Amino acid sequence: MTDLKARLWTEARAAGFSKMGICRPDAIPQAAARLAAFVDTGRHGQMGWMAERMHWRGDPRMLWPEARSVVMLAEAYTPAEDPLANLDKPEVATVSVYARNRDYHDLVKKRLKRVGRWLLDAAGRESSVAPEIKVFVDTAPVMEKPLAAAAGLGWQGKHTNLLGRDLGNWVFLGAIFTTVDLPPDAPEADHCGSCRACLDICPTDAFPVPYQLDARRCISYLTIEHKGPVDPELRPLMGNRIYGCDDCLAVCPWNKFAVAASETRYAARDDLKAPALAELASLDDAGFRARFSGSPIKRIGRDRFVRNVLYAIGNSGSERLANVAANLMNDPDEAVADAARWAVERLR
Ligand code: B12
Ligand code: SF4
Ligand code: SF4
């Protein structure tokens, strides 16, 4: 099986992954209680799906009792440009790095399936019982970060994301659960030390303590997951971040050792490098769908997107943009109309 594991890594690397690690399905015994604490304190906000199927999410053995190994894979999407470069340009938007081009869910899943198919073939030839696999990226009730840490890909930093000394933190995670018994890797130790750069940079103070996030204050949650109007106290802190947020990732010193992204379809599209807020605010449903087809941004729909753009306009200090917001004060979507009124009030 050691040889099979080595050949699996060769295949995973050829598919575009930067690192692979393996753990047993019982390798994250603390995860269930930590997830329960997160949900019990309401830190998941409106992400009701996090409170569902918690017995599966918190314990991979419950999700698929026949699984013997979890193969965790990391794919680098390290940006070529400074991810925070637009934050001080008030009339343009900041889109988080992961959403500047194609949707990683599609690309990572394809790669996982390719590696999984290879494993089925190779392990099937060595065994009388047909092996099975299930692949996951992001949307299933699987806690990918603790599994990746248990599989030795890196550790969960104080910003709660997975990072590695040889990876940095600009990586997507994917999982292949399998009935094949593969030799597990040792977990990686925590190398955050006394650093707290990610905690200190957070614009909304979303970390109640190191290693724990209150999603309700996180701009990523507010711009992507939160439906309806955002708490007016948080709006000014969002700046021009209209989709996701990268501040805590961008300041991590371990990114000195980040792996370059090999997938060119994650590289920023020209029209998302510094998009003008005025132009984004004018998108209607059809325009929004056409512009963001194949992008993760498509998921939030025109209304939530324009709501976010209007908060950024309200934070711009630009009187010129007040007219753009004024045009949306009677928008049929109540959160958009509310955001427009808020923006106009701040700018005039
Ligand atoms: C829900 C979710 C979100 C939510 C909540 C984030 C969160 N930190 O929980 C929101 C919408 C805010 C979000 C934002 C982002 N996300 Co997200 N998200 C997820 C998702 C679907 C589930 C995460 C989860 O289980 N959260 C629940 C909490 C309880 O789990 P946890 O974060 O692991 O919590 C741990 C710590 O709190 C710690 N802990 C708790 N108590 C204690 C006590 C002590 C003493 C210690 C040491 C530790 C500790 O243990 C917990 C369990 O491991 C995963 C995909 C997946 N299925 O896993 C992607 C995922 C985590 N997201 C991802 C990304 C890229 C992002 C963003 C960077 C996107 C962006 N640019 O805007 C931001 C980062 C924000 C941040 N600082 O976390 C990637 C992260 C890749 C990586 N390198 O880690 C993932 C893995 C998706 C993927 N397949 O690649 N996300
Ligand atoms: S993504 Fe942004 S708002 Fe969320 S925790 Fe990181 S720095 Fe704070
Ligand atoms: S910025 Fe510092 S504290 Fe935060 S994850 Fe990176 S090393 Fe850890």
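**Close-up 1. Strands S1 and S2, side by side.** S1 covers residues 19–23 and runs antiparallel to S2, with 5 bridges joining them. Two strands are said to pair if DSSP finds at least two bridges between them. Helices (H or I, at least four residues) and strands (E, at least two) are DSSP runs, numbered from the N terminus. This is a predicted model, in which local features need pLDDT of at least 70 and side-chain atom pairs count only at pLDDT 80 or more, while totals for chains, interfaces and linings use all residues. Residues are numbered from 1 along each chain as its sequence is written, chains are lettered from A and ligands numbered from 1 in the order in which they are written.

Close-up 2. A residue counts as buried if 20 or more other C-beta atoms lie within 10 Å of its own, exposed if 12 or fewer, and partly exposed in between, with C-beta atoms placed from the backbone. By that rule 5 of the 5 residues of S1 are buried, so this strand is largely enclosed by the rest of the structure. Lys19, Gly21 and Cys23 point one way from S1, Met20 and Ile22 point the other way, and all are buried. S2 (residues 69–76) is mostly covered too, with 8 of its 8 residues buried. From S2, Ser69, Val71, Leu73 and Glu75 point one way, and Val70, Met72, Ala74 and Ala76 the other. S2 also pairs with S7 in the antiparallel sense, over 8 bridges, and here Ala74 stands opposite Leu173 in S7.

**Close-up 3. Two helices, end to end.** Take helix H5 (residues 104–126) to begin with: at 1.5 Å a residue, its 23 residues should span 33 Å, and its end C-alpha atoms are 33 Å apart, which agrees. The expected span here is 1.5 Å times one less than the number of residues. Among the buried residues of H5 are Tyr104, Arg111, Gly116 and Ala123. Helix H12 (residues 301–314) has 14 residues and reaches 20 Å from its first C-alpha to its last, close to the 20 Å expected. Since 11 of those 14 are buried, H12 is largely enclosed by the rest of the structure. Its cover includes H8, strand S8 (241–243), and helices H10 (277–281), H11 (285–291), H13 (320–326) and H14 (334–347).

Close-up 4. The protein chain splits into domain 1 (2–82 + 102–178) and domain 2 (197–256 + 265–347), with bounds that come from an automatic or database domain assignment. Their centres, taken over C-alpha atoms, are 29 Å apart. 22 residues of domain 1 are in contact with 25 residues of domain 2, where contact means that the C-beta atoms, placed from the backbone, lie within 7 Å. The side of domain 1 that touches domain 2 has 6 nonpolar, 10 polar and 6 charged residues. For these classes, Ala, Val, Leu, Ile, Met, Phe, Trp, Tyr, Cys and Pro count as nonpolar, Asp, Glu, Lys and Arg as charged, and the others, Gly among them, as polar.

**Close-up 5. Ligand 1, between the domains.** Domain 1 and domain 2 both give residues to the shell around ligand 1, so the ligand lies between them. 37 residues surround ligand 1, and the closest are Glu144, Asn161, Leu162, Ser220 and Gly244. A residue is near a molecule if its C-beta atom, placed from the backbone, lies within 6 Å of it. Helix H2 gives the most to this shell, with 4 residues. By class, the shell holds 22 nonpolar, 9 polar and 6 charged residues.

Close-up 6. Around ligand 2 you'll find His159, Pro203 and Asp247, among others. Helices H8 (219–224) and H9 (247–250) each supply at least two residues of that shell, which divides into 8 nonpolar, 3 polar and 1 charged. Ligand 3 has 13 residues around it, and Gly157, Cys192, Cys195, Cys198 and Cys252 come nearest. Domain 1 and domain 2 each give at least three residues to the shell around ligand 3.

**Close-up 7. Thr160 in its loop.** Thr160 sits in the loop between strand S5 (155–156) and strand S6 (162–163). Thr160 is partly exposed, with 17 other C-beta atoms within 10 Å. Leaving aside neighbours within four places in sequence, Thr160 is in contact with Tyr211, Gln212 and Leu213.

How values were computed. Two residues are in contact if their C-beta atoms, placed from the backbone, lie within 7 Å.
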